[in-house]
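Q: I'm new to this structure and would like a close look at one part of it. Could you take me through the aromatic rings and what lies around them?

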Amino acid sequence: MTALLHIDSSVRAASNPNPEHDSLSKNIARRFIETWKKHRPLDEYIYRDVGINPPAFINQDWIGAVFTPEHYRSPAQQQTLALSDELIAEVAAADIIVISSPMYNYGMPAQLKAWFDQIVRINKTFDFDLSRGDYPLQPLLSGKTLVIVTSTGEFGFEKGGIREHSAHLVPHLKTLSKYLGVETSYEIASEYQEFGDDRHRHSLDQAKARAEHLATELCGAMPTQSPTTEAESA
């Protein structure tokens, strides 16, 4: 069985009384997930909407707890790290990670950054060894696939695009995803939202079609599911 971890980060809901306010990134990601479930209904599915239910920002107490050896942590420190432990466990269990994110001020939403800050943690998702020279940090997780779904108001953020120099969202996600154990990544992008013209509609249609195609393709690459027998379910 394959485990999917789905993280949405737009502050907008997927469905609103005014459809013009619906989150594009969430709806594109939803298309991917619906296609996946159609092909592989038995797979484990974990969902978090960090845009609407953001994790706490890390603080001095959090850092103090992280750098206190586990067997010396007070009950208060253990509680401080409880959410981090839970989020890390979800990442560790996942084979496929789907992250949807709008571009806010040319980067990721603060809520999504807070999620990463809770997870990228020494001795949990990476270790540190100065004997490695100039590259002392190494990830502890591996073998995961990341699907990045983005929506942007402008366009041309791809390599060689007219706004490549302002593209801080996807590069940041890819840099941090190393510490989630990601080894392969795919991108699905919708652009031109602020223009509201045919280019936007075409880009959105293409993104939804790519979400379906990619989900179908990745489903076929996963190990075949074994149906549960009566004896197994008894």
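Which residues form one aromatic cluster?

A: Phe 155, Tyr 192 and Phe 195 form it. Before going on, a word on the ground rules: this is a predicted model, where local features need pLDDT of at least 70 and side-chain atom pairs count only at pLDDT 80 or more, while totals for chains, interfaces and linings use all residues. Residues are numbered from 1 along each chain as its sequence is written, and side-chain values use heavy atoms, with hydrogens and water left out.

Now for the rings. Rings of Phe, Tyr and Trp (its six-membered ring) pair if their centres lie within 6.5 Å; planes under 30 degrees apart are stacked, over 60 edge-to-face, and the rest tilted. The structure has eight aromatic pairs. In one of them, the ring centres of Tyr 106 and Phe 157 are 6.2 Å apart and the planes meet at 55 degrees, so this pair is tilted. Tyr 106 sits in the loop between β3 (96-102) and α5 (110-119), and Phe 157 in the loop between β6 (144-151) and α6 (169-177), so the pair ties together parts 51 residues apart in sequence. (Helices, H or I with at least four residues, and strands, E with at least two, are DSSP runs numbered from the N terminus.)

How covered are these two? Buried means under 20% relative accessible area, exposed over 50%, and partly exposed in between, with a 1.4 Å probe and protein chains only. Phe 157 is buried at 12%, whereas Tyr 106 is partly exposed at 34%.

Tyr 192 is buried, with 17% relative accessibility, and Phe 195 is partly exposed, with 39%. You'll find Tyr 192 in the loop between β7 and α7 (198-221). Its backbone is worth a glance too: phi of Tyr 192 is near 70 degrees, a positive value in a residue other than glycine. Most residues other than glycine have a negative phi. Asn 105 is another non-glycine residue with a positive phi, about 50 degrees. Asn 105 lies in the loop between β3 and α5 and is exposed, at 78% relative accessibility.

Finally, look at the strands. Eight of the eight residues of β6 are buried. Lys 144, Leu 146, Ile 148 and Thr 150 point one way from β6, while Thr 145, Val 147, Val 149 and Ser 151 point the other way. In a regular strand, side chains alternate between the two faces of the sheet. Strands pair if DSSP finds at least two bridges between them. β3 and β6 pair in the parallel sense over seven bridges, with Thr 145 in β6 as the bridge partner of Ile 96. β6 also runs parallel to β7 (residues 182-190), joined by eight bridges, and there Val 149 stands opposite Ile 188.
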